[in-house]
Amino acid sequence: MPLRTVDSAGQREGGTASVELVAVIPLLLLAVLAAVQIALAGQALWSASVAARAGARAALVGSGATTAARRALPPSLRDGAEVEDAGDVSVRVAVPRLFPAMPRVMVGARAELGMGDG
């Protein structure tokens with residue numbers, strides 16, 4: 001019976017690390033894509049909030065709230081944005097999708113300013 005050395009035992013298990021790495025890579029990629037999609041949703045929500053506040057400021061001074069809200073949105077979010085001015089200004093935008101096959105998700109914000117608000 002041949003004696004086993006530490007080197008021969010290590011060589012037999014060297015391939016398992018490669019197999020495990022190949023198995024984990026898709027999961028890591030999926031986690032990164034999910035994180036990026038969540039970041040895009042957060043950016044869209046933040047932009048809707050900024051636009052709603054800009055529209056509310058414009059409404060307070062008697063200017064066009066809908067126009068101001070649309071101008072405050074980034075150009076990539078203006079298409080398909082829904083802006084309502086009914087006492088308070090409400091802005092809804094579609095979350096950018098990483099893959100076109102993903103469902104369309106809308107996020108929105110509402111703002112209302114009164115006298116003395118900034």
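1. Confidence by element. Residues are numbered from 1 along each chain as its sequence is written, and side-chain values use heavy atoms, with hydrogens and water left out. pLDDT is the predictor's confidence in each residue, from 0 to 100. For the protein chain the mean is 87, and 85% of the residues reach 70 or more. Where pLDDT is low, the predicted coordinates should not be read in detail.

2. Layout. The protein chain has three helices and three strands, arranged along the sequence as α-α-α-β-β-β. Helices (H or I, at least four residues) and strands (E, at least two) are DSSP runs, numbered from the N terminus. Among contacts with a separation of 6 or more, 48% are between residues 24 or more positions apart; contact means heavy atoms within 4.5 Å.

3. Surface and burial. The accessible surface of the protein chain is about 8300 Å², and carbon and sulfur atoms hold 62% of this surface. Areas come from the Shrake-Rupley method with a 1.4 Å probe; for residues, only the protein chains shown count as cover. Of the 118 residues, 21% are buried. Buried means under 20% relative accessible area, exposed over 50%, and partly exposed in between (1.4 Å probe, protein chains only).

4. Nonpolar core. The largest nonpolar core has 19 residues, and Ala 44, Leu 73, Val 89, Val 91 and Val 93 touch the most other members. At least two residues of this core come from each of α1, α2 (65-72), β2 (88-94) and β3. The most, five residues, come from α1. A nonpolar core is a set of buried Ala, Val, Leu, Ile, Met, Phe, Trp, Tyr and Cys residues joined through side-chain atoms within 4.5 Å. Leaving aside residues up to four places away in sequence, Ala 44 touches Leu 77, Val 93, Val 95, Pro 96 and Val 107.

5. Salt bridges. The structure holds two salt bridges, each a side-chain nitrogen of Lys or Arg within 4 Å of a carboxyl oxygen of Asp or Glu. In one, Glu 82 pairs with Arg 92, with the closest N and O atoms 3.2 Å apart. Glu 82 is in strand β1 (residues 82-86) and Arg 92 in strand β2, so this pair ties together parts that are 10 residues apart in sequence. Both are partly exposed, Glu 82 at 37% relative accessible area and Arg 92 at 36%. Asp 88 forms a salt bridge with Arg 110, the closest N and O atoms being 3.3 Å apart. Here strand β2 supplies Asp 88 and strand β3 supplies Arg 110, so parts 22 residues apart in sequence are tied together. Arg 110 counts as exposed, at 63% relative accessibility.

6. Ser 90. This residue lies in strand β2. Ser 90 counts as buried, at 15% relative accessibility. Beyond four places in sequence, Ser 90 touches Glu 82, Val 83, Glu 84, Ala 109 and Arg 110.

7. Surface patch. Val 32, Val 36, Leu 98 and Phe 99 form a nonpolar patch on the surface, together with about 320 Å² of accessible area. Patches are made of residues with over 30% relative accessible area and no salt bridge, like charges being joined within 9 Å and nonpolar side chains (Val, Leu, Ile, Met, Phe, Trp, Tyr) within 5 Å. Leu 98 lies in the loop between β2 and β3 and is partly exposed, with a relative accessible area of 31%.

Methods:
Predicted model: local features only at pLDDT ≥ 70, side-chain atom pairs only at ≥ 80, totals over all residues.
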